[in-house]
Amino acid sequence: MNDMTPEDREERRGKLKGLGHARRRVEDARFTQGKGNYIDDINLPGMLFGDFVRSPHAHARITSIDASAALALPGVVAVLTADDLRPLDLHWMPTLAGDKQMVLADGKVLFQGQEVAFVVARDRYVAADAVDLVEVEYEELPVITDPFESLQSDVVLREDLDPEAPGSHGPRRHHNHIFLWEEGDKAATEQAIESSEVVAEEMIYYHRTHPCPLETCGSIASMDKVNGKLTLWGTFQAPHVVRTVASILSGIEEHNIRVISPDIGGGFGNKVGVYPGYVCSIVASIVTGSPVKWVEDRMDNLMATAFARDYWMKGRISATREGRITGLHCHVTADHGAFDACADPTKFPAGFFHICTGSYDIPVAYVAVDGAYTNKAPGGVAYRCSFRVTEAAYMIERMIEVLAIELGMDAAELRAKNFIRKDQFPYQSALGWEYDSGDYHTAWEMALKAVDYQGLRREQAARVEAFRRGETRKLLGIGLTHFTEIVGAGPVKNCDILGMGMFDSCEIRIHPTGSAIVRLGTISQGQGHATTFAQILASEIGIPSDSITVEEGDTDTAPYGLGTYGSRSTPVAGAAAAMAGRKIRAKAQMIAAYLLEVHEDDLEWDVDRFAVKGAPERFKTMAEIAFASYNQAIPGVEPGLEAVSYYDPPNMTYPFGAYICVMEIDVDTGEHEIRQFYALDDCGTRINPMVIEGQVHGGLTEALAIAMGQEIAYDDLGNIKTATLMDFFMPTSWETPTYTTAFTETPSPHHPIGAKGVGESPNVGGVPAFSNAVHDAFRAFGLRHSHMPHDHWRIWKVAHELGLHG
């Protein structure tokens, strides 16, 4: 067979297992055999164990702390309080949002579960016993768990802040106010809405929930006082950022700090920030001279580790009587808890919420977000979404449904009438984003046809009539969603965290035998990086993906990067990998030209080799070029074959999708059954279809949990009512439906391989699809909107309030 025939090329591409190949995840071989290496698997000689004394109160002044009984317990080494950290100026730490947060309670506590003291012992169980022996006296203070009440109350929550001083994002109008953030043309939007023929208005609450990863947060700090070096292992989604923050806090030179993220059992945004446990383990190691491990339990995780969502969104949307949207106005009251500890880009205190115009060509829009302190745990993480995009998508998709009711129009038709057209891309939104590419109408039509949308509507109408005749007690809901996400943070020109631009990086070293090691500034928590990054490079440099090893998570070896969250791995680090691969290929071309005794311009790239134009039988494979780079003196070319790329993307990427959920609801019990869920995603160039499908299935299941029951709930005294998995809904295989997945492929024009990212999309689009299905089931009986989560009790209550139990 001629080496340059199409058949031969396809055979060689198949051996590479590059872009588009459904390559099995290489990580799974060890994970499925229990060979993962997690924080709690790491044990060091002489290691001590830390545990926290936590506040039972949501708001109280600390009048005394007595640790004498705990210190008398055999095996207890130390008990740290804010008084011990104060001389080191470590009793407070900066948050990623520009606020500051107590490491250990300083004078008062602001939420239930707040860290009050850190017990260090020789045994984990002794540490837990000693926690119960620390006596803390509290003077209870008024508790505020409602952000609207907080912004009106005389009770000062953050006594450390000057009420007259501005915050990190400008003026504060109340002592419990954090910021006001605005985007868009307010005057033009209000004028458009006031002059429109139809206006729909609704308050939409996206409840507080929690990522609840399988592995809770933890760290191990080991200070080598002889060499002045600190090694920190932890569940870090951004290890380089943690190293920088650790250096700022400790005063240790950054090059003397090594941060290692081993295997991480799920992150979902929960492990981006810096927690008091990390700081306390470092301080304890410095004080004791021994390694100190801290791992939170499940209740700690649900009570005190960063929450997600908690947005009250007042929306107003206007349209012509024919259904053309003319304006969108949204005011958000954001509950940030006791400290503003969101991991958002510095310029965007509400993240990318201003993607709330969604997939629609809305001429004018305005959004304002008020941040408020309350007596709840801090956080506001991007729970499997890119910086508040899920809240934005939920808001606009619910407002579209409400507008459809106001217009008396089919919601699918209303969406199609207002989609951004394919010929409008790149599209400038009313709130400042430049959407890169899309073909929304094609995706929407595919989705409607796949589920037989018109047939479902006929069935739904027949079901309503049968219900009214008393022939059935089950209603049918059709949940429609078309979402556009914004991922790939991001361009240094507008995205940074604590002043560090959100670029990312890749370093490639090709060995003489033609294999390669690749190191990146990201860290996988289950996304399959070791599989997919190797596939990107297989296509770029012509080395089989099975011969490429991917390493992440060690700051001593990986180039500086901003980590993995917000679906930025492929859009940013994946681009860095592709660009580094192209540097490798450019050098390889010079080497091949020397070996083949031709000019570089006389060569062309062909899958895994450079061949002479017009003489394809003369070629050098990448394996041959790699060997030559180490053993031949090539004029003007350094030995070796290595490259580093730091990639600063010119723009975000904008994946989108069309989701349809078909749900049956029993009005007498509130129970639901998901009969069908169709999910069409467009993530640009598809790297590994099998990995994409796994990401979609996982994200949809998290969306199911959020929409249908997952909630962090508080009583009036600030007690958490859902702090165990007995009360916090985690779907099992019993509750999880079967998903049908599909795709269109609209490459991003500015990404080196056209990829957009997909890991967050199913959560972004799934939540409104599930929620809209519930609302749609009751639409014929007058339901306009009800708050999530839609558990059985709340669904039953909706039916009852609509008079359907009579």
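Predicted model: local features only at pLDDT ≥ 70, side-chain atom pairs only at ≥ 80, totals over all residues.

Reader: How many residues does the largest nonpolar core have?

Author: It has 203 residues, and those with the most contacts inside it include Met313, Phe352 and Phe770. Helix α11, residues 389-407, gives the largest share of this core, with 12 residues.

Reader: What does Phe770 touch?

Author: Leaving out residues up to four places away in sequence, its contacts include Cys661, Met663, Phe677, Leu700 and Tyr739.

Reader: And which residues does the second, separate core include?

Author: That core has 45 residues, among them Ile536, Ala573, Leu596 and Phe610.

Reader: Okay, charges. Is Lys587 buried or exposed?

Author: Lys587 is buried, and it has no salt bridge. It sits in helix α16, residues 569-596.

Reader: How far away is the nearest side chain of opposite charge?

Author: That's Glu638, 4.8 Å away; a salt bridge would need a distance within 4 Å. Lys587 does touch Glu638, along with Val637, Pro639, Gly640 and Leu641, not counting residues up to four places away in sequence.

Reader: Switching topic: in what order do the 4 strands of the open sheet come?

Author: The order is β26-β25-β24-β30, with mixed pairing. β26 (548-551) and β30 (642-647) are the edge strands, and the twist averages 15° from one strand to the next.

Reader: How many bridges join β24 to β30?

Author: There are 6, and the two strands run antiparallel. Cys506 stands opposite Ser645 in β30.

Reader: Which helix packs on the sheet?

Author: Helix α15, residues 529-541, touching β24, β25 and β26; its direction makes about 130° with that of β26.

Definitions and conventions
Residues numbered from 1 in each chain as written. Heavy atoms only, no water. Core = buried A, V, L, I, M, F, W, Y, C linked by side-chain atoms within 4.5 Å. Buried < 20%, exposed > 50% of the residue type's maximum accessible area, 1.4 Å probe, protein only. Contact = heavy atoms within 4.5 Å. Lys, Arg positive; Asp, Glu negative; His and termini not counted. Pairing = 2+ DSSP bridges. Axes fitted to C-alpha atoms, helices over the stretch in contact; angles between N-to-C directions.
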